[in-house]
Amino acid sequence: MRLSRNELLFIALGAVLGAVVAWAVRAGFVAPDGALPPFAMVLLGLGFVELLVGYAAGRPPGTLVGMPARFLAFVLGVCIVLLGGKFA
């Protein structure tokens, strides 16, 4: 499977969102065991960005990025959140 440029950017965005959420957890802005867990914030952030970019590009939601890239971006973001909480 070959990833497009949009998909690679989306995967990188997942990593950045994971780092931001990990920083927010370490800084105390987000409770790690709160009502909205950190992995859900990564998921909601990815979905929100995909909706905004799709709207700006004039394409229907869900057509810019394939499902394997979505899954990889989410997993990468969650792994960074977990590693950020453990090592930072």
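User: Is E7 buried or exposed?

Analyst: E7 is buried, at a relative accessible area of 14%, where buried means under 20%, exposed over 50% and partly exposed in between, with a 1.4 Å probe and protein chains only. This is a predicted model, in which local features need pLDDT of at least 70 and side-chain atom pairs count only at pLDDT 80 or more, while totals for chains, interfaces and linings use all residues. Residues are numbered from 1 along each chain as its sequence is written, and side-chain values use heavy atoms, with hydrogens and water left out.

User: What is E7 in contact with, apart from its neighbours within four places in sequence?

Analyst: Those partners are R2, V65, G66 and A69, with contact meaning heavy atoms within 4.5 Å. The E7 side chain also reaches the backbone nitrogen of G66, at 3.0 Å.

User: And how far is the C-alpha atom of E7 from that of A73?

Analyst: The two C-alpha atoms lie 8.9 Å apart, although E7 and A73 are separated by 66 residues along the chain.

User: Switching to pockets, which residues line the largest pocket?

Analyst: Its lining consists of N6, L9, F10, L13, V49, E50, V53, L64 and V65. On a 1 Å grid over the protein atoms alone, a pocket is an open set of points where a 1.4 Å probe fits, with protein on both sides within 12 Å along at least five of seven lines, and lining residues have an atom within 4 Å of a point.

User: Which element gives the most to that lining?

Analyst: That is α1, with 4 residues.

Definitions and conventions. Polar contact = N/O pair within 3.5 Å; in protein donor to acceptor, adjacent residues only side chain to side chain. Helix = DSSP H or I, 4+ residues; strand = E, 2+ residues; numbered from the N terminus.
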